[in-house]
Amino acid sequence: MWGVSLSSSTRVLETWNRKLHFYLGLYFVFFLWLFSLTGLMLNHGQWLVSLAANARVETRYDRAIALPVGSTDMDRVRDVMRQLGLVGEIEGVSRQPGSLQFSVNRPSGSSQVKVNLEELHASVQPFENSHLSRFRNLHTFSGSRYNQPASERDWGLTTVWVFAMDAVAAGVVVMILGSYLMWWRLKAKRRLGLVVLLAGVVACGWFVSGWF
Amino acid sequence: MLYRWTRDLHLYGGLFLSPFLLVFAVSVFFLNHGKVAPGQWMSVETVQNVQVPVDIDRVQGQEAIAAGQTIMRQVGVDGEIGFTRFVRQTRHFIFPVSKPGMEASIDVDVGARAAIVSRRQTGLWERVAYLHKMPGPHNVAIRGNWPPTNAWRVFADLTVYLALFITISGIYLWWAIRAERRAGVVLLSAGFLTIVGCVVVLFH
C-alpha cells in the first residue's frame, strides 16, 4: 500500500515537473531571447548592430523653475523633475553652493540637469537613444549598482522590470533543477549525460573558482 | 528521427549549458539587489624599485595595457586591467585590475619608482556577477587583455547560442505533444504579451 502510494506521488511529481519545465520555458522564451540577443550586443561592441545602437540624438533647453522644495537633496531633485516633467532613475546627484546637478535615466534616454538655485533656472541636456540602444539597455536597466551602495531604485517601472528579470532568473533555475530530475530518470542517458554535465561543471567551475 | 535527434541534443546541450546558465541566472539576483562597499581594501602594500617603462606618460590603448602588465608582473598581480590613467600633475600611473575572486588597484609613483598595491578578495556572489558582466560593453579596444577574459568571452557566446538552440528545440519538442498544445499556446501568448507590454512601456 505504502509502495503504491509513494510510486503514485512520485509519478504525479514527475508529471508536474515535466509540465513545469515546458510551461516555464514557453512563458519565458521571449525574455530569454531578449536577454540572449542583448547579451551578444553588449559583449560585441564592434558589431555593426552594436555600433548602430550607439546613435543618439542630443538636444538642450533652458527653463525657469520655482525654488525646489524638500528637506533633502533627493526631495529637491524630485521637485525639479516634477516641474520639468522628467521621469526615470535618478543618478549622480551633486550639490554645489548655488547649484544642483543630477541625471535622469531611462532605457529610452537620459537627461542631465543643472539647476542654478540662485537664478532659478534649469539647463537640461536630454539624450534620446535609438531603438536598438533602448533594446540593449533593457539588459542592464536595474536602477541599482552593487558596487555603489548609495544607488537605489526610485522609478516604479524599474521595479516592475527588475521583478521581471528576477522572475526569469528564478524560472531558469527551477527549469534547470527540474531538468536534472527528468534526465536522471532516463537510465539509458545517464552515463553520457553525466559526462556532458561534468564537462560543463568543470569548464564553468574553472572560471568561477578563479584558479588561473 | 528528427524528433529523437532534437530531443537528445536538447538534453545533452542543456546539461552542458546548465552550469553556465545557473551562473548567469543566480548572478541576476546579486546584480539587482546586492550591495558591496567599494574601496574596502584588505591589504595595501608598497613595492619599491619598480622598473617603469620610460614612455609611460605618453602611452595609450594597448601600449598602456602593456606598460601596466610590465608593472603587474613585478608586483605579483594577475588579472584584467579595467583602464589606465596617467595623472600629469602628480606623475602617477593608476589602473584597476580584476578577476574572479580578486580586485586590485595599482598606483605607481613614476618619479619614486614605487607602486602601492591595494587588494581585495571577492566572494562567490561577486565572482558570478563579475563573470556575468564580462567582457561587457566598456573599453572595447582594450578588453580581453587577460587571456581568461577572452576564453570566458567564448563560453559566454556559446551560452547564448546554446540557449537559443535549447529554446527553439524546446518549442519543437513541446509542439510534438498534442495534448499540451493548447496550454502551451496560452502560456507562449501570455509571455509574448508580458514582454511586449514591458518593452512598450519602457521604450517611451
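User: How far apart do the C-alpha centres of domain 1 of chain A and domain 2 of chain A lie?

Analyst: In this predicted model, local features need pLDDT of at least 70 and side-chain atom pairs count only at pLDDT 80 or more, while totals for chains, interfaces and linings use all residues. Residues are numbered from 1 along each chain as its sequence is written, and chains are lettered from A and ligands numbered from 1 in the order in which they are written. Domain 1 of chain A covers 1–55 + 131–205 and domain 2 covers 56–129, with bounds that come from an automatic or database domain assignment. The C-alpha centres of these two domains of chain A are separated by 37 Å.

User: How many residues of domain 2 of chain A are in contact with domain 1 of chain A?

Analyst: Two residues are in contact if their C-beta atoms, placed from the backbone, lie within 7 Å. On that basis, 11 residues of domain 1 of chain A meet residues of domain 2 of chain A, and the latter number eight.

User: Are H1(B) and H4(B) roughly parallel or oblique to each other?

Analyst: Helices (H or I, at least four residues) are DSSP runs, numbered from the N terminus, and here H1 (residues 2–33) and H4 (residues 147–175) of chain B pack with their axes 9 Å apart, at an angle of about 135°. Axes are lines fitted to C-alpha atoms, for helices over the stretch in contact, and angles run from 0 to 180 degrees between N-to-C directions. Angles under 35 degrees count as roughly parallel, over 145 as roughly antiparallel, 65 to 115 as roughly perpendicular and the rest as oblique. H1(B) and H4(B) are therefore oblique.

Definitions and conventions:
Helix = DSSP H or I, 4+ residues; strand = E, 2+ residues; numbered from the N terminus.
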